[in-house]
Amino acid sequence: MKKNILIVLTVAIALFADHDASAQTTGEIGITKEGLFAQKPIPISVQGVSGEAAKVLNFDLTVQGFILTTPDAAQYIVTGSIGGNITGSLTDKFAHKMLLSRSYNGASLRRQAHAFADDIVGAIRNTKPIGGTKIAFKSQPSFGSGEIYVADFDGYGAQPVTSDGSIVAKPAWVPGHMALYYTSYARSNPDIFYHSLSSGQRRVIAGYSGLNTGAAVSPDGSKVAMILSKSGSPNVWVCNADGSNLKRVTTGIEDSSPCWSPDGEWICFATKMNSRRVLAKVPAGGGEVQRVPTPGTANPTEPDWSPDGKWIAYTCQMGEFSICAVAADGSAAPVVLVSGQNPSWSPNSRTLIYNHGPAGRQTMAALDVFTRQSRDCQHAPGSNAQPAWGH
Amino acid sequence: MKLNRIVLSIALPLAVIIATSGCKTHSTPPKTPLPQHPAATGPTTEPPLPDTKPLMPEAPPVSTPVIPPYTSGPITTASGWQLVDYNQDPAKLAAYTVHFKFDSAVVEDKEQASLASVSDALKSDANAKLLVEGHCDERGTEEYNRSLGERRALALREALAKVGVDPERIRTVSYGKDKPVDPGHDESAWSKNRRGEFIWCTPKSPTP
């Protein structure tokens, strides 16, 4: 039904456009972005679940585009019980159909609730589960020295993985592995470390003269993109996972924050062209740099490419830092979503983790980009920033 | 054009009809009962026996509670002299700290006297090295500022090379906005924080 409305409206707009060419651009983009990023959350009711499990369900469903409501107002009804373990079901009230009936055992109650939430979302919408995912982030007293932490995606169970007492920055996950790359000033210079969380082993993979930061791992885990200044300006370089086979791929005046396209073909990054901050992309093996247009949003930095390839989230700065999203192929104009910085996509390509708040007192939050519903994560001591969502 | 108007006159009311009927469908369930799917059950009927999903006990994310110190990367990856082999004296050249305009890495002409003093100090001690720190104000995102701070430090190294200092004696480090001298949130604080600092480095052991 919704599709029909969209089609008819699109036809109507296309017809209007014939009368006034300028209305076409504004009208079409207006409908596209408002329709896409102002979706109504799906009403869902959760009955019989209380306490911690209820909080987990509420958080997980809210940051994936659902809104908890009464059974009368809901389209979907979740019924559950907790007797040591969680048992629950999901019913589509409109279709009079039970979509899920399952009991969970093992692990913690929180883990069971996350798994239940994943099954609920998966039964309604075919997206990748996020309930068992981890985030890495940095936490510091306010400024200066801090540590890299790892936690559940909602911030629970946070534990430090470094204990150097030095400045740290920009953790990045190795896809599918309990391993990180991050920047640490432990050797008095910003160097890039590889750190296996399962063995505790770590080593410097980039410790060149000057800046070594912004590591981003390719989707297949074989390559690392990063910012090095060894050739005289901060640029994007690519090396193998172990630091070998280093190659410079950009030569601009000042680059930062590389990220990979999900097919591993492109690296998107922030740069400066004609004294203006812009986003750009370059083939991962080197080649011609192309602008990624972000009209209407000033000073774009910190891009992150969604796993489905459709969106690039980034931080813009117009008075305050804001999280934005733009269609990676330029087919939809950028949308300013919420105030915050450092967006990082979850595997479901609709939830972002980011940080927000006053300088030196940052809090992380998860955001459903299509409904703009956001919930703060459990806070670790200090200012929590630069979250990276593990895939 | 005429055809457009005609189609428009049909399309718009149609849109309204579909939109309103769409709303109705959402607010009240259809009166005609839907054909019952064999497996379908209403929310009030007895649910079928649930299937079970056993979850593996979760392994802690970090299996080694004490992180061993890092194994150094290959020393060949860092060119030239190493900071760890030198003592740092931030006081000696503190008077020559230079400042930058907003979002700029251009070394201003007014800083030439400071650069000359730093150059003289380096000429007077052949064993000494120099670490140039680049810093930013809090405007701008973290990694953006880490690159901007590096560019400031590199610009100062270039300016020192122009007045005769061997650039091989100079290392650069960017702290981005991680080390403000003034924690304030106004131009007075920001102008102090946009800076380059010169750190005097002397060998820890006598010259090798």
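## Val49 of chain A

Two residues are in contact if their C-beta atoms, placed from the backbone, lie within 7 Å. By this rule Val49(A) touches Ala54(A), Leu57(A), Gly80(A) and Ile82(A), leaving aside residues up to four places away in sequence. The model is a predicted one.

Val49(A) sits in the loop that lies between β1 (42-47) and α3 (51-62) of chain A. Is this residue buried or exposed? Val49(A) has 22 C-beta neighbours inside 10 Å and therefore counts as buried, the cut-off being 20 or more. Ser306(A) lies 257 residues from Val49(A) along the chain, and the C-alpha atoms of the two are separated by 33 Å.

## Packing of α3 and α4 in chain A

Two packed helices are described by the angle between their axes and the distance between the axes. For α3(A) and helix α4 (residues 109-124) of chain A, the angle is about 40° and the axes are 9 Å apart. The crossing of α3(A) and α4(A) is right-handed.

On the α3(A) side, the residues in this contact are Glu52(A), Ala53(A), Val56(A), Leu57(A), Asp60(A) and Leu61(A). They meet Leu109(A), Arg110(A), Ala113(A), His114(A), Phe116(A), Ala117(A) and Ile120(A) of α4(A). By residue class, the contact of α3(A) with α4(A) holds nine nonpolar, one polar and three charged residues. Leu57(A) belongs to this contact and is also one of the residues touched by Val49(A).

## The largest nonpolar core

In soluble globular proteins, nonpolar side chains tend to be buried together. The largest nonpolar core here has 135 residues, and Tyr181(A) and Ile267(A) touch the most other members. Helix α3 (residues 142-162) of chain B gives this core its largest share, eight residues. In chain A, domain 2 (42-124) and domain 3 (134-389) each supply at least three residues to the core.

Which residues does Tyr181(A) touch, not counting those up to four places away in sequence? They are Ala172(A), Ile192(A), Phe193(A), Tyr194(A), Ala215(A), Val217(A) and Val224(A).

## Chain B

Chain B has four helices and six strands. Read from the N terminus, its elements follow the order α-β-β-β-α-β-α-β-α-β.

Chain B contains 208 residues, of which 30% are buried. Of the contacts in chain B between residues at least 6 apart in sequence, 77% join residues at least 24 apart.

Terms used: Residues are numbered from 1 along each chain as its sequence is written. Chains are lettered from A and ligands numbered from 1 in the order in which they are written. This is a predicted model: local features need pLDDT of at least 70, side-chain atom pairs count only at pLDDT 80 or more; totals for chains, interfaces and linings use all residues. Helices (H or I, at least four residues) and strands (E, at least two) are DSSP runs, numbered from the N terminus. A residue is buried if 20 or more other C-beta atoms lie within 10 Å of its own, exposed if 12 or fewer, and partly exposed in between; C-beta atoms are placed from the backbone. Axes are lines fitted to C-alpha atoms, for helices over the stretch in contact, and angles run from 0 to 180 degrees between N-to-C directions. A crossing is left-handed if the near helix is turned anticlockwise from the far one by less than a right angle, and right-handed if clockwise. Ala, Val, Leu, Ile, Met, Phe, Trp, Tyr, Cys and Pro count as nonpolar, Asp, Glu, Lys and Arg as charged, and the others, Gly among them, as polar. A nonpolar core is a set of buried Ala, Val, Leu, Ile, Met, Phe, Trp, Tyr and Cys residues joined through C-beta atoms within 7 Å. Domain bounds come from an automatic or database domain assignment.
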